[in-house]
Amino acid sequence: MINRAGSPHGEQSAVTIKNLAKRYGSVLAVDDVSFSIQEGEIFGIIGPNGAGKTTTVECISGLRAQDSGAISVFGLSPQRDRYRIREFVGVQLQESALPPRLRVGEALELFASFYAHPLDPHEVLQSLSIKNIEPTAFKNLSGGQKQRVSIALALVGNPKLAILDELTTGLDPEARRGTWALIERMRERGVTVILVTHFMDEAETLCDRLALINRGRLVALDTPEAIAAAAGMNRVRFVPSQPVDDKTLYAVQGVEVVERKERYVTVTGTGDLAASLINALAAMGVQISELEARGGNLDDAFIRLTRETASTEGGPAQP
Amino acid sequence: MTRSMGGERSHRSLAQFLALLKVQAKLSLREPYALGPGIGIPVILLVVFGFISKNVPGNVGNSGLTVIDLYVPTIMVISFIVIANSLPSTLVRDREIGWLRRISTTPVHPSRLLGAQLIVDLVLAAAAVVIILVGGTAIFGARLTVSIPFFILSLALAIAVIFSLGLVVVALVRTQVQSQFVGGVLIFALFFLSGLWVQPVQVSGPLQVVMWYSPSGAAVRALLDSVLNSRPPVLTLVTLAGYTLVFAFVAIRYFRWE
């Protein structure tokens with residue numbers, strides 16, 4: 001494939017988005033989002049429900065036209081060159097089903113016939129460990145099997161870019177692990193992947209880089225580790241010698257979230273949490289035992305970053 | 001280079017369409033919407049009216065025609081209505097479950113799935129016509145002298161008007177539940193107007209006019225004239241063409257792929 005885009009630095013960018021904006025009525029679903037994705041990268045888009053993740057990838061795949069901003073997919077415009085782009089972009093849609101009596105093998109053969117250089121449908125099914133359901137009608141599949149068929153359809157056209165939206169929602173833990181392994185294999189084949197997810201463990205495990213979107217805005221853009229570290233969150237778990245109410249705990253410097261499970265109290269926040277808590281509680285005559293402290297993970301960063309934008313903006317984005 | 005690329009593109013385009021045609025044909029055989037009713041209902045009606053005709057021979061409404069003579073065109077139009085009713089059943093569902101949207105992410109536009117489905121349904125309608133014509137004449141003794149050119153023209157217009165009305169339903173309704181309701185009401189009205197319960201020749205006055213100039217009644221009239229070796233009235237053919245144009249316009253104007 002010739003690189004028609006001819007990026008000036010000679011570094012191939014698969015997708016570039018500049019100042020993307022999309023409005024539905026009075027709601028600004030995506031507001032001035034910019035990022036670029038390198039070829040071969042597994043790029044995660046995370047954010048709360050309704051953050052604008054799906055709208056963003058729908059604009060990339062050409063299913064929706066943006067109101068303003070520029071999108072380039074391997075040097076092409078998803079709107080102007082939509083038919084050329086569909087040739088090498090595989091899309092797995094959230095909540096899309098097949099006709100109930102269509103058989104898995106038939107669906108794969110059909111989609112393979114749509115593309116110029118498809119993969120062998122049998123091999124795709126084999127690699128997803130669902131070769132056995134080839135003669136099964138879609139309506140007789142389990143949730144996990146349906147999800148894998150949906151992924152298979154996104155891959156059978158041999159795409160250079162695969163867009164996977166809410167890939168493992170509704171899957172049992174084993175099926176999720178299997179799907180993750182499959183994404184890893186796509187990485188080995190050099191396929192660029194955009195993964196939309198609201199599972200932080202999935203983003204942490206699979207993605208090279210993440211874009212965190214909240215209320216249509218890009219809040220963070222970095223590796224999962226860097227985003228987790230930058231949020232500067234810590235987590236402390238302990239057992240108090242006598243009951244302590246939430247109000248007292250929230251009054252301690254740096255405390256942001258208090259959770260309880262059986263005897264344990266888990267506190268998430270910033271700064272030297274353990275020392276602050278020990279001092280504050282000791283002053284009230286409460287001892288702490290079974291203390292465990294660790295750095296925050298992506299989950300904590302997610303909660304902090306999405307809450308921050310919510311409180312600084314004070315409501316939905318206005319024009 | 002342009003020519004070879006163009007050739008390759010049209011070759012691929014044909015291969016894509018044939019693959020869609022194959023899948024839509026298989027689904028039509030598996031799903032109960034078109035094949036069963038589209039062939040089954042005309043066969044049942046043919047038997048019922050065939051036996052009535054054997055037992056009550058004669059001259060219905062002073063038309064000089066027997067029951068089976070009159071019902072051959074009506075049963076044909078009823079088979080088109082039943083087949084057209086499967087369009088919403090399959091296409092509204094395919095849209096509602098996101099299948100058409102899923103197709104639209106590929107290099108193939110979902111309009112080609114619609115095209116493939118229409119071809120499958122046309123083949124089914126043609127099969128129904130052959131069964132009704134052969135069964136009506138050979139088994140139940142309808143005395144027909146088919147005027148081939150007018151018959152082909154009338155068939156084409158009858159199928160066009162009924163199928164385009166089916167596509168209007170596909171375009172306007174949003175859910176499968178709505179399409180079942182709308183389809184049910186429309187089927188009943190179209191059956192009546194095509195003369196299933198009472199033939200237009202048996203009624204008079206405004207009701208006969210309404211029947212003759214309704215979409216299904218006009219289709220019956222055009223077919224009736226052309227199977228009796230006469231020319232359908234120009235006004236009937238124009239009526240059918242007019243309905244088809246209006247229905248096609250509405251269907252195209254309001255069609256949604258997702």
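Predicted model: local features only at pLDDT ≥ 70, side-chain atom pairs only at ≥ 80, totals over all residues.

Chain A has 319 residues, of which 41% count as buried. Its secondary structure consists of eleven helices and 13 strands. Taken along the principal axes, the C-alpha atoms of chain A fill a box of roughly 75 × 45 × 40 Å. As for contacts in chain A between residues at least 6 apart in sequence, 70% of them join residues at least 24 apart.

I turn now to the interface. How many residues of chain A are in contact with chain B? There are 22, and they meet 20 residues of chain B. On the side of chain A that touches chain B, the elements giving two or more residues are α2, spanning 82–88, and α3, spanning 104–114. Of the elements there, α3(A) gives the most, with five residues. Sorted by class, this side of chain A comprises 13 nonpolar, four polar and five charged residues.

Finally, let us consider Ser142(A). This residue is found in the loop of chain A between α4, residues 121–127, and α5, residues 143–155. Is Ser142(A) buried or exposed? Ser142(A) is exposed, because 12 other C-beta atoms lie within 10 Å, and a residue counts as exposed at 12 or fewer. Along the chain, Ser142(A) and Tyr24(A) are 118 residues apart, and their C-alpha atoms are separated by 34 Å.

Thank you for your attention.

Technical notes: Residues numbered from 1 in each chain as written. Chains lettered and ligands numbered in written order. Contact = placed C-beta atoms within 7 Å. Helix = DSSP H or I, 4+ residues; strand = E, 2+ residues; numbered from the N terminus. Nonpolar A, V, L, I, M, F, W, Y, C, P; charged D, E, K, R; others polar. Buried ≥ 20, exposed ≤ 12 C-beta atoms within 10 Å, placed from the backbone.
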